[in-house]
Amino acid sequence: NSVRPQLPDNGPLSVLLVSVPNPMPRPGTPPVIYSALSGAQAETIAIAQVLAVPEVEITLLSVAQATWNNVLNEINGPKRFHIVHYNGHAYFDRTNPKKSSLVLH
């Protein structure tokens with residue numbers, strides 16, 4: 001038996017999916033090159049298929065659409081997301097953890 005989550009009373013459940021399976025290299029000396037994440041695209045497709053019901057509204061930013069500006073515009077836009085799911089690389093700065101980040105396209 002599966003349990004369905006409680007959906008909001010004021011409209012559909014709003015989900016932002018951000019998928020960056022193979023980000024562009026980052027400038028630097030030497031440039032930072034991230035390996036491709038073979039399962040990231042399949043994960044995104046599987047999540048979108050599971051959530052493909054009328055009560056859920058999905059916004060997908062994938063590959064080249066998953067830029068800093070596009071993600072920021074969605075998060076700061078008029079739509080409020082109940083769930084934000086990211087798959088991709090992350091960067092951790094050990095000397096200054098506040099400079100750590102998700103790696104976008």
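User: What share of the contacts in the chain between residues at least 6 apart in sequence joins residues at least 24 apart?
Analyst: That share is 66%. Contact here means heavy atoms within 4.5 Å. This is a predicted model: local features need pLDDT of at least 70, side-chain atom pairs count only at pLDDT 80 or more, and totals for chains, interfaces and linings use all residues. Residues are numbered from 1 along each chain as its sequence is written, and side-chain values use heavy atoms, with hydrogens and water left out.

User: Why is the pair E57 and K79 called a salt bridge?
Analyst: The rule asks for a side-chain nitrogen of Lys or Arg within 4 Å of a carboxyl oxygen of Asp or Glu. In E57 and K79 the closest N and O atoms are 3.3 Å apart, so the pair meets the rule. The count by this rule is 1 salt bridge.

User: What makes this pair tie together parts that are 22 residues apart in sequence?
Analyst: E57 lies in strand β2 (residues 56-62), and K79 in the loop between α2 (68-76) and β3 (83-87). Helices (H or I, at least four residues) and strands (E, at least two) are DSSP runs, numbered from the N terminus.

User: Why are E57 and K79 called partly exposed?
Analyst: Buried means under 20% relative accessible area, exposed over 50%, partly exposed in between (1.4 Å probe, protein chains only). E57 has 35% and K79 has 29%, so both fall in between.

User: How much of the chain counts as buried?
Analyst: Of its 105 residues, 27% do.
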